[in-house]
Each structure stands twice: as structure tokens, then as C-alpha cells.
Amino acid sequence: MRRGLAGYLAMLPIGVLLTIGFILPIGIVALYSVMPPRTFEMTGALTAENYLAAFTDGYWRPLMWSALGASLTTIICLIFAWPTAKALESAGHRWSTAAAILIALPIFISESVRLFGGSLFLMPGGGILAGSLRAWFDLSIGSILNTRLAALLGLIYIHFPFVLFPLILGLSLVPKDQIEAAHDLGASRWQVFWQVELPLAAPGAAIGALLCFVLALGANAEAAILGGQAVTVATHAIEQRFNYAQDWPLGAALTMLVILITALVVFPIMRRLDFDRLIRR
Amino acid sequence: MFLVLEGLAKIFGSNKAVDDVSLSIPEGEFFTIVGPSGSGKSTLIRILAGLETPTAGRVLLRGADITVMPANRRPTCMVFQSLALFNHMSVGDNIGFALKMLGIDAAERHRRVETLLDFVRLPQDFLGKPVTQCSGGEKQRVALARALASDPEILFFDEPLSAIDYRLRKILEVEMKDLHRRTGKTFIYITHSLEEAMVMSDRIAIMRDGAIIQIGPPEEIYARPASRFVAEFMGEVNILPVSGGEVAGQPAAGIADGWLVVRPEALRPLGGGAAADISFDARVQNDYMLGSRTQFHLMALDQTLVAELPAGLAAGVNPGDRGRWGFDLGDCISVKE
Amino acid sequence: MSRRLKAPLLAAWLGVVLTLLYLPILSVVLASLANTRYMRFPHKVWTLDAYREALGAHDTVQLHLTSLKIASVVVLLATLIGIAGALAFARYDWHGRRMFQNIVLLPIFFPQPVLGLALLLSFTAAGIAPTWQTAAFAHLVWIAPIVTLVISIRLYGYDAAQEEAAFDLGASRLQVFREITLPALMPGIISGALFGFLLSWSNLPLSVFTTGADTTLPEWLFSRTATNYSPLVPAVAVIATLSSALIVLLVVVLAQAAKRTRR
């Protein structure tokens with residue numbers, strides 16, 4: 001009856017919100033990115049200077065570090081998430097639910113708190129780790145705080161649950177009896193993993209990896225709190241252009257480059273996903 | 001006439017889901033529409049219930065035109081295929097829903113729900129029971145009680161037994177007929193199983209591609225199917241061509257050209273010179289034990305024929321046997337096309 | 001790997017993962033139990049002084065209020081928008097639904113600081129000064145899709161025939177929504193609202209760029225991690241986290257009580 005109309009009416013609120021709050025701002029940033037450098041109007045002459053400057057003036061370095069960090073984070077998180085997901089799968093129902101909740105809880109504790117805790121833990125001298133080792137084992141250790149490694153660890157720490165839960169979802173979609181059938185037909189444990197489990201869990205793994213990469217690409221706090229001055233990430237470089245250098249167009253161009261990388265990974269994967277099938281199981 | 005359908009049609013794009021259907025149904029009849037999926041029976045019943053509007057035609061109830069009256073104002077109620085019980089409510093709240101919508105106060109609703117629980121033979125302590133905790137059969141009864149609550153003129157049933165296991169279905173078929181007798185209401189029922197329809201109905205309509213191709217009491221459909229399609233609908237039957245007054249190369253007196261419907265029970269092995277109106281050579285391919293009867297697949301007359309024999313006769317027949325089989329014309333039905 | 005080795009090994013792995021996940025959080029709690037202006041663990045004196053100071057400070061209240069204002073607005077709007085959005089996402093059939101599903105997910109698969117910066121630029125270009133209200137808007141852009149998703153998942157197990165049955169039994173369209181659709185969605189709505197609250201309360205990247213002169217709890221903590229250390233900072237961190245947990249607990253208890261009285 002009113003089938004078609006109801007859908008359109010229902011999508012209006014969020015449609016309007018996302019148009020004003022997501023699509024429009026990106027459009028504004030895109031426009032600024034082609035404005036003459038250090039101007040604040042959107043009505044200047046169109047120019048590609050800012051994009052050129054991004055590469056010639058060394059702004060590609062923060063982009064590269066962010067992309068590298070995001071890639072490493074994604075790979076390492078996947079490697080850690082797989083055994084974790086398997087462990088949750090094989091544990092008894094009550095234990096695995098309790099463990100899953102415990103792993104999920106920190107997501108709702110602010111990054112600022114968790115990363116702060118990380119820096120307190122890694123702090124040299126009187127930090128939780130260094131202090132305990134000194135007091136109980138008389139060991140003096142250095143600190144990895146304010147290094148790229150610390151920033152990477154921070155990225156892995158924050159983004160791990162985002163890889164884990166879609167992976168758990170993906171694994172739950174692998175029918176147990178297909179694994180059993182593969183074994184029954186003579187496949188070795190490795191062959192079963194490679195030929196049956198991995199392909200079937202791939203959608204979940206892909207979503208998790210995608211989410212992790214995209215979020216880590218723009219991550220700011222990890223490098224700031226744990227990495228100190230050791231590494232400048234893309235977002236920080238962008239912020240500096242906006243605030244200190246007062247160069248909106250250049251900042252906008254850098255922003256567009258990050259968005260471009262995001263779009264390049266998000267769109268191919270999203271196009272292949274069928275949410276109806278995924279959630280309806 | 002109580003319920004009249006005049007030239008009802010429903011077209012979706014280029015698809016004629018319901019194609020010029022006209023019917024008259026007297027009050028209190030158990031009327032079943034039988035057809036395969038895609039025959040339009042679901043669409044037809046939804047039009048009658050007010051959940052769809054037809055693209056052409058009228059629906060008249062006691063002479064009043066209710067074609068565009070929406071379902072929530074029609075004096076009819078539907079039992080859905082998935083039962084569509086309100087999962088977040090109790091049995092009592094489900095049953096009393098229509099009464100609540102009518103604005104009847106809680107005390108009166110309570111009283112009527114209790115009566116309905118008795119009527120569908122559910123214990124009174126089910127009143128507060130969450131519907132999700134009920135068994136399949138209990139859910140059926142709740143759905144029935146819910147539909148009866150507002151005392152509708154017509155009850156519609158959209159294949160309510162199709163998702164039930166065999167044993168429970170047989171029990172519920174009989175209960176459905178009993179319910180019809182006890183309420184005295186008009187039941188309009190749709191199903192894809194002719195067998196099910198025969199158990200319960202006063203009249204059956206066979207529907208195909210949006211149109212009604214035969215309508216009549218169960219005995220008539222069984223004895224005189226109007227076409228090959230209807231005959232095949234009744235289950236496994238053998239269809240033999242009749243041309244030039246002959247069947248299987250033998251004279252078939254009094255049978256019109258067209259097709260001959262031969263039931264599996266009509267075929268028998270002709271051992272030791274026994275005779276039959278029509279006989280032929282056959283080789284037994286397979287046998288299937290069905291309890292007190294055994295089904296045999298025969299290779300004969302350039303097709304596979306299905307025969308059913310009672311246990312005694314079946315004992316002497318084995319796969320691989322070659323012999324004469326036959327049937328009498330009096331046991332068959334002739335159809336035009 | 002033999003089956004007998006596998007189970008305890010996996011269990012040990014889970015233990016390692018959980019320990020690593022909670023070490024930083026534990027560190028915050030431990031650090032808050034000192035009264036020295038520099039961090040020196042193990043503390044000579046273990047005390048709750050920092051908490052007393054934090055609870056008495058005017059700033060703490062102000063920060064809580066700002067975070068609360070933003071989170072409340074976000075929860076209210078995200079829930080309403082999310083209910084409608086979920087119906088469009090998973091319930092109704094309409095042209096463009098597939099594209100809509102992808103668009104709704106975009107703000108989630110997007111680096112938050114970049115979204116924050118893009119919004120900041122847009123606000124400034126439009127002459128809007130950033131305040132807690134602009135921050136609420138920023139949160140909404142990210143959180144409304146999440147709430148939509150949470151409620152949509154609830155809808156996938158929902159038999160839409162229930163609505164037709166209710167209509168057939170005499171309900172008006174409004175009554176169908178009130179009696180059937182909404183109650184069926186309620187668990188999803190409540191968990192969506194709670195998610196939205198927690199995500200807004202704890203959010204850092206969007207708040208940092210869009211609150212302007214106002215400050216939320218995470219922002220304050222972020223600004224104090226590098227400079228001006230005192231045990232007050234981890235104490236506020238703990239209080240902030242406990243506050244949100246308390247609010248969530250309160251809502252859950254109230255929801256259970258409401259469910260019970262409705263019976």
C-alpha cells in the first residue's frame with residue numbers, strides 16, 4: 001500500500017542530518033582545497049597549488065606515517081584477533097560471553113583515559129611499569145614513551161576491539177558442518193583453514209580490517225599522548241595548517257587526501273557487502 | 001448472497017495476479033481456494049481481507065460494497081501464515097487485542113478472553129503466559145482465538161498449517177473442521193494441498209494463474225476433475241492419451257478424446273489370464289513401501305506409470321518383473337485437456 | 001596442535017589479552033591514589049585525597065555538565081532519528097534502500113578527527129562559533145548512524161506480519177506503531193540510546209575540534225596528559241568513567257522497573 005512512500009519518509013531525518021553534517025562539510029573542504037593558499041574565502045580562483053604543495057613541501061610525510069601506521073595496526077590487530085576470536089568460539093558459552101563483554105567494555109571508556117593510562121604505565125622512572133620493576137626487582141628500564149613504537153602500540157590497543165568484533169561475527173557465519181564436512185573429505189587442518197574457514201569468515205574480517213584501517217588512518221590522540229614529538233600524523237599536520245599556519249586551503253587539501261585514501265579502501269569493500277544477508281544470517 | 005466477488009482483478013506491473021474472479025459464497029460455508037504458489041490465491045484472500053485493493057472489480061458483503069474498506073474496519077479477521085502473534089505480549093493480550101482496539105474496558109475484555117480460551121480448549125492459566133513460550137499447536141489456538149475475539153463475519157486463513165509437521169497437521173485439520181461447525185462462521189481458507197482442502201471444506205475452488213478453473217464440493221472435484229491440471233493436483237496419477245477412441249492402442253468405448261486419468265489404485269497385475277478393459281506389457285522398475293500398501297513404478301506405454309497395491313497383492317511383485325498389467329475403464333476419469 | 005593442548009592455550013591467550021586491555025585502565029586507578037604532584041609509583045602514601053579535591057573542584061562540575069549537556073542532546077536526537085532511520089534501513093522496501101544503507105554507514109567508516117576538522121572548517125566558514133552545541137551536532141553525525149544500525153539489527157528478527165495482523169484486528173496505523181512496532185523495537189532503542197550516551201560521553205576526537213571554548217571531560221583529560229600533572233587528573237578520569245557507568249546503570253534499572261510495572 002504505502003510501501004514505497006513510508007521508506008522515503010523514514011529516511012528523511014537521517015538523510016537530512018548526513019547531508020548537512022557529512023556531505024556538505026566534505027564539499028566545503030573540497031572547495032577550500034582548491035582555493036588560493038592562505039585565503040579564507042570560498043570565492044577565490046581555483047588552483048591546484050595546495051595539492052602540489054602537499055607533495056613538494058614534505059606534507060606527504062605525515063600522510064605516509066599515518067598510512068603506514070594504519071596498515072601495520074590493521075595487520076597486527078588481525079593477527080591478534082584471529083586466535084582471540086577462536087578462543088571465544090571454543091570457550092563455553094558463559095565464559096565466552098563474559099570475556100566478550102570484558103573486551104568490549106573499554107570501548108566505552110574514553111580514549112583520553114585509556115591512552116593516559118598507557119602513558120602512566122610506560123612513564124620512565126616513576127611510571128607504573130618502571131616504578132614497579134625498580135621497587136620489586138631492582139631493575140632499571142628505559143621507556144618507549146615518546147617513540148613511534150609507543151604510538152603504534154597505542155593504535156593497536158585502541159583499535160583491537162574494532163577488528164575483533166566484526167571478525168567474531170564473520171566466524172559465526174561459518175557453518176560448523178562445512179568445517180566437519182571438509183575434515184571428513186580428507187582436508188588437513190591447514191587446508192580447512194585456507195579453503196573453507198578463511199573464505200567464509202572473510203566478509204567479517206574485511207569489515208573489521210576496513211574499520212580499523214580507516215579509523216587508525218585519521219587517529220590523532222595515540223601519536224599525541226604516547227608518541228610525543230616522535231611522529232607527526234596526518235591529522236595533526238592538518239590541524240596545524242588550520243590553527244597555527246592559518247592556511248585553510250592547504251589544510252583542506254591534506255584533509256581531502258586523507259578522505260581520498262579512505263574512499264579508496266571503503267568503496268570497493270562496501271559495494272560487495274550485502275547487509276541484509278549478513279545480518280539475517 | 002452473503003459474499004459476492006464481481007470481476008476481481010489485481011495487476012502488478014505486467015503480472016496478472018488475480019484475473020477476473022467472480023464468486024458467490026453463502027453464509028457459514030467453509031470455502032477453500034487451492035492452488036500452487038503464484039496462482040494468486042494469497043492476493044485474492046488479501047483483497048477480501050482488505051489488505052490489498054483490487055485494480056478492478058467489487059467485493060460485496062450482504063449487498064454492501066466493501067471493496068475499498070480498509071482491513072481495520074472490515075468485519076473480517078485473518079489468521080496469517082506465520083500466525084503473526086504479538087511476540088512481546090502475553091496470550092491474553094494477544095487474544096484481547098481486537099477488543100482493546102474497539103475500546104472495550106479491561107474487565108469486559110478479561111471476561112471475553114476467558115471465554116475464548118475455553119472455546120479453543122486452552123487452559124485458563126495461559127492468560128498471562130508469554131506467547132513465545134507456547135508450543136506450535138498452542139500458538140495456532142491463540143491465533144484462532146485472537147481472530148474470533150471481535151466476532152467477525154468472515155474468518156480468513158492463509159495457509160496456516162503449511163509450516164507444521166505432518167502429525168500435528170492431521171490433528172489440526174480435523175480441529176479446524178470442528179471449529180467451523182462450532183462457530184458457524186464463514187471460513188475462507190487457502191492452501192496448496194488439495195488433500196487438506198478435501199478434509200475440511202464445503203466447497204473448493206482450484207486456482208491457477210490468477211483464475212478459478214474449477215469450483216465445487218470435494219466429492220465432485222475428486223470424481224470429475226475439470227482438467228489435467230486439476231487431476232495432477234490430486235497427487236500421483238497416471239495420465240494416458242485418448243485419441244480416435246483408443247487408449248494404449250485398444251478400444252475405449254464411451255471415452256471421449258483427450259486424456260484418461262488412471263489412479264494408482266486402479267492398476268493391477270494380470271497374472272494367469274486375468275482380464276481387464278485395457279492391458280499392456282510392463283516392467284517393474286522400483287517398489288516403495290507405504291505401510292499397508294506398496295507403490296510400484298512401472299515402465300510401460302513409453303512412460304513411467306505409478307501403481308499401488310495392498311500388501312497381500314504386493315508380495316508377489318518385485319522390481320525387474322515383466323508381465324501384463326491393466327485397468328478397467330470404469331475406474332478412470334476422462335478429461336478434455 | 002593436539003586437542004588437549006588447544007583449550008588451555010586459548011584460555012591462556014584470552015587471559016593475556018584481557019590483562020593487556022585492562023593494564024592501562026588499572027594504571028589510571030593506581031595513579032589516582034597518590035597525593036604527590038609528580039608520578040612516583042609505588043606510592044609512598046596511598047590516599048583518596050585526589051578524589052576529595054576533584055569532587056570539590058568547580059571545574060569538575062562544569063566539565064561534567066558540559067559532557068552531560070552534549071550527551072543528552074545527542075541521545076535524544078540520535079534515538080529519534082535512529083528509529084526512523086532503522087525503519088528505512090531494515091523494515092520498508094523502497095528504491096535506493098541499498099544505497100541508503102551504504103551512505104548511513106559512511107560516517108562510521110570514517111576517521112573521526114577528519115570529520116571533526118571538516119566540521120570545524122565548515123562552522124567557521126559559515127560564521128558559527130564552535131560551542132557545546134556544535135559539538136553535539138558533530139557527535140550526532142557520527143552517533144545517529146550507529147544507533148540506526150543497532151535498532152536495525154533488532155528489526156531483522158522482526159515479523160512484519162504482526163503489523164498487518166494488528167491492522168486487520170482493528171488498529172489504526174498510529175495504534176499499530178504504538179502497540180506493536182515500538183514495543184518490539186524497545187530493547188534495541190534502549191541499547192542504542194545507551195550506546196549513544198556512552199559514545200558521546202567518552203568521545204575525544206570530535207569534541208576536541210568542535211567544542212570551541214567549552215570543554216568536555218575527555219578534552220580536559222587530553223590537555224592535562226602532557227603538562228601539569230597531578231593525581232587530580234587520573235582521579236577525574238576515574239570519576240568521569242564511573243559517572244557514565246552510574247548513569248547507564250540507572251537507566252537500565254529504571255527500564256527494568258518500567259517493564260515490570262507495565263505487566
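The legends below walk through several close-up views of a predicted model.

Local features are described where pLDDT is at least 70, and side-chain atom pairs count at pLDDT 80 or more, while totals for chains, interfaces and linings use all residues. Residues are numbered from 1 along each chain as its sequence is written, and chains are lettered from A, with ligands numbered from 1, in the order in which they are written.

**View 1. Chain A has 13 helices and zero strands.** Helices here are DSSP runs of H or I with at least four residues, strands are E runs of at least two, and both are numbered from the N terminus. Two residues are in contact if their C-beta atoms, placed from the backbone, lie within 7 Å. Of the contacts in chain A between residues at least 6 apart in sequence, 71% join residues at least 24 apart.

**View 2. A:Met123 sits in a loop of chain A.** This loop lies between helix H5 (111-122) and helix H6 (128-137). A:Met123 counts as buried because it has 21 C-beta neighbours inside 10 Å. Leaving aside residues up to four places away in sequence, A:Met123 touches A:Ala130, A:Ser143 and A:Leu145, as well as C:Met39 from chain C. For a sense of scale, A:Met123 and A:Ala253 are 130 residues apart in sequence, and their C-alpha atoms are 36 Å apart in space.

**View 3. Here chain B meets chain C.** In this view, 16 residues of chain B are in contact with 16 residues of chain C. On the chain B side, strand E6 (76-79) and helix H3 (97-101) each supply at least two residues. H3(B) gives the most, with three residues. By class, this side of chain B has 12 nonpolar, four polar and no charged residues. Nonpolar covers Ala, Val, Leu, Ile, Met, Phe, Trp, Tyr, Cys and Pro, charged covers Asp, Glu, Lys and Arg, and the others, Gly among them, are polar.

**View 4. Six strands of chain B form an open sheet.** Their order is E6-E7-E8-E3-E9-E10, and the pairing is mixed. The edge strands are E6 and E10 (211-216), each of which pairs on one side only. From one strand to the next, the twist averages 20°. Two strands pair if DSSP finds at least two bridges between them. E6(B) and E7 (residues 154-158) of chain B run parallel and are joined by four bridges, and B:Met78 stands opposite B:Phe156 in E7(B).

**View 5. Strand E14 (residues 258-262) of chain B is largely enclosed by the rest of the structure.** Four of the five residues of this strand are buried. E14(B) pairs with strand E11 (residues 238-243) of chain B in the antiparallel sense over five bridges, with B:Val261 as the bridge partner of B:Ile239. E14(B) also pairs with strand E20 (residues 333-335) of chain B, again antiparallel, over three bridges. There, B:Leu260 stands opposite B:Ser334.

Note on methods:
Buried ≥ 20, exposed ≤ 12 C-beta atoms within 10 Å, placed from the backbone. Axes fitted to C-alpha atoms, helices over the stretch in contact; angles between N-to-C directions.
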